[in-house]
Amino acid sequence: MKIACFVEAYNFRDSSERRALSKFKSTAESMGHTFEFIYKDDIPAIKNYEALFIRATTDPSSSAYIISRLAEQYGLKVIDEPHSIRTCSNKAILHDLFLKNNIPAPKSLLFTGDYSTDSMDAIFKTLGLPVIIKTPYTRFSSHVEKANNETEFIAISKHLLRKSGILVLQEYVPSEFDWRVGMLRNEVLYLCKYCIPTGGWKVKSKINGRNVWGDTIAMPRDSISPELKEICINLSKCVGEGLYGLDVKETNDGYKVIEINDNPSIYDGHEDAMDTDIYEKIITALVS
Ligand SMILES: Nc1ncnc2c1ncn2[C@@H]1O[C@H](COP(=O)(O)OP(=O)(O)O)[C@@H](O)[C@H]1O
Ligand SMILES: [Mg+2]
């Protein structure tokens, strides 16, 4: 099959992502397929391929979303398809999806800027302090903030409301790491711990003015707890049959799902460190 892999220049910046991309290519070729990296300028040529694998960052305003839609219209096999992009890229939509499907998650509310006493009281009574504040379209922790008190809440939320008319508020669920569960076709593909760097509270934290990423610790996918596995399968089925990365906190009160991402990061030596067959499994899913 003729596979196009949609990328942007930044996908080749990090050597470990670069190595992962070449593993996708060599794996696909060893399975008898052609695998070509294509860029924004190649979008009109997408109809010449039979399958599309997207690695560039997706959200509904991205070139990746446009090519995903075009590929779907031309009848190509696609990972990530447009529906998964639309659902996963919006945290307000996810909030609702979790509620409707009984997915265990931090207590959450949507907020549009009602600073009346009643509204403030309801927020802090429901969520406690600190409160996590996010814009619906955040990526890589960029618009995820923590307010320790009401004054901080007002300042941070007012600032974020300039970026988006609606915010997601959540109770703060502290942890030393996020589980990252890679899902493909509603099965567990890989399992990792994304550690929170010391002194921070997010996988990517600003510490002394510098962005620091925590370590990734891969675990064999079969070591996943049955409870976590069930939650991840249920959630992934709510979105579709694609490739997803789920962020989950483990607490004394059970697992709490933070989010489901389409287009999860795959870096050589990280997500593939234990289950090295993930490239083959993704290519197989893409072409079948
Ligand atoms: N309610 C929460 N409590 C504690 N940490 C959180 C909460 N929500 C998000 N985080 C942490 O913030 C980081 C980014 O949050 P996430 O919702 O996954 O947004 P992004 O799409 O930017 O990755 C992750 O490390 C996540 O664990
Ligand atoms: Mg995340």
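These legends describe close-up views of a predicted model.

**View 1. Residues around ligand 1.** The shell around ligand 1 consists of 21 residues. Lys-91, Lys-134, Ser-141, Asp-178 and Glu-259 are the closest of them. Sorted by class, the shell holds 9 nonpolar, 9 charged and 3 polar residues.

**View 2. Side chains at the oxygen atoms of ligand 1.** An N or O atom in the side chain of Asp-178 lies 2.6 Å from an oxygen atom of ligand 1. For the side chain of Glu-259, the distance from an N or O atom to an oxygen atom of the ligand is 2.7 Å. For the side chain of Lys-134, the corresponding distance to a ligand oxygen atom is 2.8 Å. On its own, ligand 1 has 540 Å² of accessible area, and the protein covers 96% of this area.

**View 3. The pocket and the parts of the chain that contribute to the shell.** Ligand 1 takes up the space of the largest pocket. Four strands each supply at least two residues of the shell around the ligand: β6 (131–134), β8 (167–171), β14 (243–251) and β15 (254–262). In terms of domains, at least three shell residues come from domain 2 (107–171), and at least three come from domain 3 (175–275).

**View 4. The cis peptide bond at Asp-80.** The peptide bond that runs from Ile-79 to Asp-80 is cis, and its omega is near 0 degrees. Asp-80 belongs to the loop between strand β4 (77–79) and helix α3 (82–88).

**View 5. The cis peptide bond at Pro-130.** Another cis peptide bond runs from Leu-129 to Pro-130, with omega near -5 degrees. Pro-130 is part of the loop between helix α5 (117–127) and strand β6. Strand β6 also supplies at least two residues of the shell around ligand 1.

**View 6. The backbone at Arg-185.** Arg-185 is not a glycine, yet its phi is positive, at about 50 degrees. The residue is found in the loop that lies between strands β9 (177–184) and β10 (187–195).

Definitions and conventions
Residues numbered from 1 in each chain as written. Chains lettered and ligands numbered in written order. Predicted model: local features only at pLDDT ≥ 70, side-chain atom pairs only at ≥ 80, totals over all residues. Heavy atoms only, no water. Near = heavy atom within 4 Å. Polar contact = N/O pair within 3.5 Å; in protein donor to acceptor, adjacent residues only side chain to side chain. Areas by Shrake-Rupley, 256 points an atom, 1.4 Å probe, with all protein chains shown as cover. 1 Å grid on protein atoms, 1.4 Å probe; cavity = no way out; pocket = protein on both sides within 12 Å on 5 of 7 lines; lining within 4 Å. Sits in = over half its atoms within 2 Å of the grid points. Nonpolar A, V, L, I, M, F, W, Y, C, P; charged D, E, K, R; others polar. Domains from an automatic or database assignment.
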